[in-house]
Amino acid sequence: MPDVKASAERTPRWAMAVDLDRCTGCQACLVACHAENNVPVAGEKLAGYGRWMHWIIIDRYWEGEFPNVRARFMPVMCQQCGEAPCEPVCPVFATYHNPEGLNAQVYNRCIGTRFCGNACPYKVRTFNWFRPEFPEPLTEQLNPDVTVRSRGIMEKCTFCLQRIRAVEMEARAAGRRPADGEIQPACVQTCPPEALVFGDLNDPESRVSQLARSHRSFRLLDELGAEPAVIYLKGGETNV
Amino acid sequence: MTPRLTRRDFIKVGAGTAVATGLGSAARKILLEPFVRPPEDVLPGQATWYASTCRQCAAGCGIIVRVINGRAKKIEGNPLHPLNRGKLCARGQAGLQVLYNPDRLRNAVRQTGGRGSRTFEPLYWDAALDLLTEKIGALSDPGRLAFLGGLMPDHLYRLASLFCDGLGAPPPVIFDLHSALEGRATADRLSKAFFGSDELPVYDLAHTEVVLSFGANFLETWMSPVAQSRNYGRLRQGPFGGRGLLVQIEPRLSATAASADEWIPVRPGTEAHVALALGRIIVEERLGHVGSHRSYAVLYQDVEVGDMAQASDVSVETLRRLARVFADADHAVAIPGGYLAGHRNGLAGMLAVQALNVLAAQVGREGGVFLSHPAPASALAQTARVDTFDRVGDLIARMRAGEVDVLMVHGANPIFELPAAAGFAEAVSHVPFVVSFNSFVDETAIQADLLLPDHSYLESWGYQVPAPGADRPVVSAQQPVVRPLYDTRATADVLLALASRLGGPAAAALPWVDEVAFLESSLGELVSSSLSAFPADTAGDFWAVWRRSGGWWSEKEIPREPEVTSVVETPLRVVEPTSEGDSGSYPFLLYPYPSVSLSDGRGANLPWLQETPDPMTTVSWGTWVELHPETARSLGVVDDDVVRVVSPFGSLEAPVVVYPGIRPDVVAIPIGQGHVDYGRFAERRGGNPLALVAPVTDPDSGAWAWAATRVRLEATGRRKALARLESLEGAGRESLR
Amino acid sequence: MSETLPTAEAQYDERVLLAKRKDSEINQAVLQPMMQTGRGFWGLVAALSAIVAWGVFAWGYLIYWGIGVTGKNRPVYWTLFITTFVFWIGISHAGTMISAVLRLLKADWRRPITRGAEAMTAFALMMAGLYPLIHLGRVWKFYWMIPYPNNRFMWPNFQSPLMWDLVAISTYLIGSTLYLYLALIPDMAMARDHTDGLRYRLYRMLALGWRGTEAEWHKLHRALGIFSVAIIPIFLSVHSIVSWDFAVTVQPRWHSTIFAPYFVVGAIYSGLAALATILVIVRRGMRLQEFLRSEHFDSLGKIVMVAGMFWTYFWFAGFLVEWYGNEPVIRELIRQEVSGRLAPLFYLQMTANLVPIVLLAFRRIRTTPAALLGATLLVNVGMYTERLLIVIGSLQRNDIPFNWGTYRTTWVEVSIVAMTFAGFVLLYTLFSRVVPYVPVWEIKEGRLRYTMRRIGRLLVPTAAEIE
Amino acid sequence: MRMRPTSRSDEASGTPEGSSVSLMGLFDEGTRTAEAIDALLAAGIAPEQMVVMSGVPYPEQALGRRREWLALPYIVLAGAASGFLFGLFLSVVTPHLYRLDVGGHPAVGFPPAAIIVFVFTMMATIVSTFLGVLWEMNFPRFGPAPYHKLVTDGNLALMLECSPSREGEVRQILQAHNAHHIGEPERMTL
């Protein structure tokens, strides 16, 4: 077994901060994710039956009643739990914890028990109920860096692992570590109000670490103790 | 293009392979020649990024497109572009599906079976151009040619204008629904009236403390949503600390209002009454710290706060509180939004809102109002201006009167986008020859005789002067990021070819050999500009830098401070809103609003956007009717019950979304669905609320008052489950704790 | 089935009758119905085969199109297949319960029903075993769970309850089948000696050369003894592991420590009830009145009743803590059950599980086949509903109300569930025509231990205390 | 330890020399059979040379046979032990062969390992019991063997080996105890 302490210093723990105060619910992240990760489109019938495939969704919560009603947005993607409830239940190790703290999903190992989907308290895993369809020539849009999943396979947000790997390899070739903010998952990259911040939680200077220390930070369903790597920052109030 | 492989070639290739593999001695080095040489810019497996400009709306954000093996794979915001700084909205992200849409028109066609028959006969481009040349040449009077444009890139607008001008035809009429919904025509008028400028104002959200947004859904579709969202982020959690206050004043809680700190559910059409009341209170109570308000007291001499409060359904206390907050802030701004322009008192209302900025001395001040920069070169100044509804009405009248023999349509879909009652569809039948340049067979293209599909924007050249602009002069560059997939042709090239075939004044007006030559000449002035962020000595250098960085912009931030005209010396008018349909038989006011994902419906053919849930209702793939819970209860309907919405102009059936954030006297329906044609993803899905809307205008501006129609509701007893992201049983709760 | 079982008087006569029967007559009484395959029998087989064939078509349809043809969605990832899987696993428990536990306890009334019970276990397990395969959709990937390394020397994840399921259910299926078969060998020899033709060849093969020497009997007894002991922990573990499929997740209502015993008890309840149902039907269908007498139904009814009481106790113990804890999601689930959309299922579950307990308290009901049939069928309706509520009901709710879901079943799911019910009955029906339904040698052994002894006026069977 | 061939003492026909005679007699019930056996024992027929076949398991020693030593428990124990070890291998060793972390659990945890070890132990126990008992009984064995079909109809068959010189005496003893169908056993294909 590798020395855990030493490796913790070296290996990153990728994390994402979601500033709910900035999020406008604009859905740019969702479409960017579809484009980057070859996420299939389910169509009206399936989408209406809870079979949409989005890797990131924006929950909308109502508070209060008219006229003092308010709505809040909360983007929810795979929380990349440190102690992920979805991982141990997979009989074939299709989902496991990678050394960088990511909750990896290995598509070609998945046999489709959907156990992880039940185990996930955030319900962020989606399942390919049918063979995904990309009517020609929509296949041309597919990102060659990301596997196109077949039917019968679970999938979920990967924090754009392919982008992390690309930057890491580039950095390694240059003999350096990836700089803070150099790695940008598609959703983070596009987010117009910059509500999403990605970085290394093991680097105390990174923006995401700083945000994690904010008094506004909290984690979704923290009481379950899954140690999510997605850090939410509460929406604020302006006092006037 | 790949040459055709003949049998002879095949034998040659076979023989060559034999030499290389079988007979080649170790001493000889034989270079294997691939059958097809890939283009130089295609490195197998390597991603290349090309900069261009997004054309999914009029904002003109810079994009970079990831291209692998000659195929575009991902669109991202151009990080250098001053407008959007690397950010992009959902619609911009979905641009790939415009390019790769399976329902794109792939070559020039004639509709041989008559309009609407959907029997298309492919044409060679030469034959198509001959046909069109013949039709235009045969015109008895060039005035009988009409050009109707929609969301056109600026260069094409200039070319089309020159073309029409050269022929002696009336200038192109520009109309698109998206612009109508954001009140662009009225905003142009407002800018002219208030600042004497042709350019739109820019509201400095990033550096302000208080924002009063009057019906401006600036985080969704209004004007330049990406730039505004970016600045909104800084308003919230800016690098300078502090947290701005956003108050949204509109009858329906939009996604922008959801992000606001306070939502004022004002009576529709009386948003400006709130602005007037605020101004009156500030003047009366000498609020703020800018010294005397005496000079502006004249503006509010006709305003009585109590009347305003009553008319707008906003309490005097609230008005006083808002007035104090607005006036006390160092930096505050009031935004006159697109919803105001949808009423028959639109211009007057927007004037009242803009006046608040003057009153609080926020014009030309950090965190206040600035003006967009004009085009930095004279050739670029001829930018597309949306025309008012009145001008479109003129065109329709001319068509109906048989005064138009050839109608050319580019990028517009008036049959879908105009209210059915405006009668465009009927008017088209009086036009003997209709040419469409649209890439898709939409509701208007299906009424065309000749379809000459333009490239998609990712295959096209062009430029765009963003309006509203950024904090510095900007011209966004558009260039093909992939080779055209199909046998489509740039409309600019079509116009140039037409001109040269027609000869005479048209050819003289359009002397360029092709689109790129036209662009090079248009951009010539910029080459020597000292402002440029990317120095270039020669035209060749400039062209390379222009394409590489995705446009031209100044290196430094150059705020443009507006000068207020004499408009502030005359009292502001209080114009009561009026609506079509009497309130007895039509008790509700219809609020059609642009969908965040489908915009005005042009996104409806993109599956990614169809699948994107509406942020507020989480519904995708459909049309719905938003009702206040009380309204729903009194009608006896619940979520997913289908209701019929009836206006004096038409009716529409759609399932109900019980929506807590809407006034009980308002019914909201998103625009975007209800296409009859427009490809497999858009067709026969939902309904188009514009069928209900009255073709009335704001008499001050001539703009379409699309929010001034009354409707009534009828339960149908049927149900249709909407494709919702959220669980209805979850009832929108964040948690049960 | 309106007949009432003989009263004490008549029953006494029956027993005397059996005691007076010769071995060869018993052989004939058991073998005769096996040979009779009339029009009714073939009609039944044809009908069941048709349902199975339709279900196989539905399965093929599912394999071709994908698991999307079922009603599953996010978050209801498991539905009727897993529900029915749990149901069949539950049914499988009674066979072992009857035959191993009662064999160990030397409860003599078990003798005529052990074979039927063990066959029920084996067939129910086979039906249950289909579900993990069907549930995957891509059934050909199933072998990836088999514990051997892949080409990168990666083994399956033994931390997954599904792996436990796989090995435990395989063990139970192997164990119960071998157990069934081992006890069958002497009867196969008996059948071999009384048949010819195809059946002879079959029985000869299955009898393995059994002659009934003392040594053979002795070894068989030892082996059955070991089996009886070994299979009890297995049967306990199987349903516990099935319960852990649910309990190891943090899904509200699944995450419960009481699940293992609760599932085991529920399994015994439903399994015993199913056994009683089957016995009533087979007794009539195969005219085995002589062997399956009211005393058996009486005893069986009593344990069903006791199992039902245990089930109620465990259900209450779980429900109480959930109710008292008042955690929001669980409160919502309870609200759904008590007064929400799940209420019809909940009240069906409670009625169908509790009413039979009361009914079975009456001897008259226990010994009236039609009444017993009704009561025990009701139990299984209740237990199936219970699994529906646990699997599908719970999954419709979770910690984030935004993500709640609903479920609508499809024809594919219903067809496949029907396929396993029909398949079970079909296998059982065919089995009853091939294998002596009543373990003849066990009956004879029991008879050997009894003599009729006169006490006053009564002639009572008296057992000898022999090993 | 006794070797396996000698445990096959029920194979009365297995005497190597052709000098002995096999006889079989059928009895209607157990008491007479036991008496006949006693008489034969008294007449000097060794217990190894007698085999009783019955359609019903008679309690041990009911027919005067002594208890026999069985290897079965040892086979079962060995099976259980190997199952235990295999379970241990799967749950404890294999996770280290290709290390993958899941859910913050250690590579090997006690509860899952306990389940796997337990189940494999039980599976091996069951299978080894079955295989063990078949091996003990020398099953399957389809070849010709002395047998009578009336055994499964409630008769007890007593089969014995004796030297030809004693055949008459033995027949008399059998007849004296109401045996019927006395004669050389029919070797039937089973």
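In which hand of crossing does α10(C) pass α11(C)? The crossing is left-handed, that is, the near helix is turned anticlockwise from the far one by less than a right angle. The model is predicted, with local features needing pLDDT of at least 70, side-chain atom pairs counting only at pLDDT 80 or more, and totals for chains, interfaces and linings using all residues. Residues are numbered from 1 along each chain as its sequence is written, chains are lettered from A in the order written, and side-chain values use heavy atoms, without hydrogens and water.

**View 1. Helices α10 and α11 of chain C.** Helix α10 (residues 259-285) packs on helix α11 (residues 294-325) at about 155°, the axes being 8 Å apart. α10(C) is therefore roughly antiparallel to α11(C) (angle over 145 degrees; axes are lines fitted to C-alpha atoms over the stretch in contact, angles running from 0 to 180 degrees between N-to-C directions; helices are DSSP runs of H or I, at least four residues). Their contact comprises 20 nonpolar residues, two polar and one charged.

**View 2. Helices α4 and α5 of chain C.** The axes of α4 (residues 80-104) and α5 (residues 114-136) come within 7 Å and cross at roughly 155°. This makes α4(C) roughly antiparallel to α5(C), and the crossing is left-handed.

**View 3. Chain C against chain A.** In contact (heavy atoms within 4.5 Å) are 47 residues of chain C and 44 of chain A. C:Arg74, C:Tyr77 and C:Arg138 supply 20% of the area that chain C buries against chain A, more than any other three residues (accessible area, 1.4 Å probe, lost on putting two parts together, summed over both).

Terms used:
Helices (H or I, at least four residues) and strands (E, at least two) are DSSP runs, numbered from the N terminus. Angles under 35 degrees count as roughly parallel, over 145 as roughly antiparallel, 65 to 115 as roughly perpendicular and the rest as oblique. Ala, Val, Leu, Ile, Met, Phe, Trp, Tyr, Cys and Pro count as nonpolar, Asp, Glu, Lys and Arg as charged, and the others, Gly among them, as polar.
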